[in-house]
Amino acid sequence: MRLLVRFAEAVGARSFLDIEGSHVDGVIYHGRVSLDFAERIVELGGKVRVPTTLNVGSVDLIHPELFRGTKEHKENAARLMRAHIELGCAPTFTCAPYQSAARPHFGAQIAWGESNAIAFANSVIGARTNRYGDFIDLCCAMTGRAPAYGLHLTENRFARALVEVVSIPDGWDLERAAVTVGHAVGRRCGALIPAIVGLPLSLSEDDLKALGAAAASSGAVGLFHAVGVTPEAPNLETACGGLEPELRLQLTAEDLREAARSLSGAADGAPLSAVSLGTPHFSIDQFARLMPLIGGARPLIDIFVNTSRATLDELRKRGWEDELRAARVTLVADTCVYVSALLKSGAGAVMTNSGKCAYYAPGNLGVEVAYGSLAECVASARAGKVVRL
Amino acid sequence: MSARVFDAVTLVPGVAAGPILKLDEPLSFWGGLDLATGTIIDRLHPQAGANMAGRVLMMPAGRGSSSGSATLAEALRLDHGPAAILMLERDAIVVVGAMVAAELYNLACPIALADGRDWEALAAAARLAIDAGANSAAVSAGR
């Protein structure tokens, strides 16, 4: 395809390689260009040639009543999602495809869009993808080929920046440490691959997901190595491939507190209109962490939790859905609060446990955001204002 | 009036000129660019509030969301995008946005890769004209 060849030239690739799968980002509706592109390919009879999953769309097709934007926007967004199904993509509609069965294996060559998914696939799984964007991910899916450059090649996967986490604030949970390290790494490393040392070895996959999502929002991080934790970094020497880092930096507890503050535009005690969890999509393990927190007094404001269809099915099997709804939890599938028109306009800021959501929501939704831990988010929902624990 | 001409590498071909908007940090178009106006809305960005419509955007590198391609293409379709983009590092997400606008709507937003040693001299100009051909690109710095 012409676009893919021109793209390969622009990024400096000399050849193409076969891919095993793709994750397509272009299913979020950004205006007429999104539809014009996808529908032109449908008209031409295009089909994907490798197993392809879909990122979140701009509407929740399972709970369409949640959408508060214009009818035209809703219809176009749904049309875009259907066009991608016609192209042969699986209707997963999740930004965390790696949480489902269709997870790539270590070393797999793939072409993924969605910045957090790219960071997770490269860093936590050890699969190989560049930071593909809208349109080009679909071109790769339809040809089964990707330009052989960047993170597809072993020699480009070594760390170029060394980040030492010297201390973490007392009493912080691992997730908050991961988010703030990610935010700081993205801001200070840009597109350099970081090797991070000094992270707790007990970081869960959800913590690594949060770290990558934050780093891929504040920077262009497509791959990070958490030394002793992620598969291409059993030790620092392996992560760096014998290369001397171009950049060395240390992060102290005070740097991490500063990162948390910079993500929080809303002051402590500020009134909230909603809490949003699940950017990237909440996993079943994160729901398991949430369940014990929601017992007790009913929150004064809604808690939106973004998740995938697959995780929603699992929730139902476990019988958690009713309990969640009783605690003012609105389950959102197929999309995410910060890319869809789901929130009531009006009084108050939005609180989130996500570095990515905190980074983008002020610009995208025009709301003030408070960032906090999962427990702080739930306590704040109960109080209707920003509460620190 | 002699314009100084700098060599550059073509990432997306085209010819364009305009006043400069130099970014001190990379920008994620998605979440960072208001499609309706061309204004930078990433409030943590040093150039937050600046407008890129019709300007030659000097952006050292890309950042953030992989939805940046569609955002740039849609901004170009709405005539609120930059006239051209000059970068110091190749960025897949940025170039695809301009390529798709060219493919679907025949709109040119040339993108060229400048030499880092020329960056400050380029930024000191009032206007830049970019002529990005199939083989090489030239950037003229004017007053």
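Analyst: Strand E1 (residues 4–12) of chain B pairs with strand E9 (residues 137–142) of chain B in the antiparallel sense, over five bridges. This is a predicted model. Within that pairing, Val5(B) has Ser140(B) of E9(B) as its bridge partner. Ser140(B) in E9(B) also stands opposite Ala129(B). The strand on that side is E8 (residues 127–132) of chain B, joined to E9(B) by six bridges and running antiparallel. E8(B) and E9(B) form a hairpin, with four residues between them.

Now the helix itself. Helix H1 of chain B spans residues 68–77. Nine of its ten residues are buried, so the helix is largely enclosed by the rest of the structure. Buried here means that 20 or more other C-beta atoms lie within 10 Å of the residue's own. The buried residues of H1(B) are Gly68(B), Ser69(B), Ala70(B), Thr71(B), Leu72(B), Ala73(B), Glu74(B), Ala75(B) and Leu76(B).

What covers them? Part of the cover comes from chain A: helix H2 (32–43) is included. Chain B contributes too, with strand E3 (33–34) and helix H2 (92–105) included in the cover. After H1(B) comes Asp79(B), which has a positive phi, near 70°.

Chain A, which supplies part of that cover, is divided into domain 1 (2–154), domain 2 (158–261) and domain 3 (265–383).

Methods. Residues numbered from 1 in each chain as written. Chains lettered and ligands numbered in written order. Predicted model: local features only at pLDDT ≥ 70, side-chain atom pairs only at ≥ 80, totals over all residues. Buried ≥ 20, exposed ≤ 12 C-beta atoms within 10 Å, placed from the backbone. Helix = DSSP H or I, 4+ residues; strand = E, 2+ residues; numbered from the N terminus. Contact = placed C-beta atoms within 7 Å. Pairing = 2+ DSSP bridges. Domains from an automatic or database assignment.
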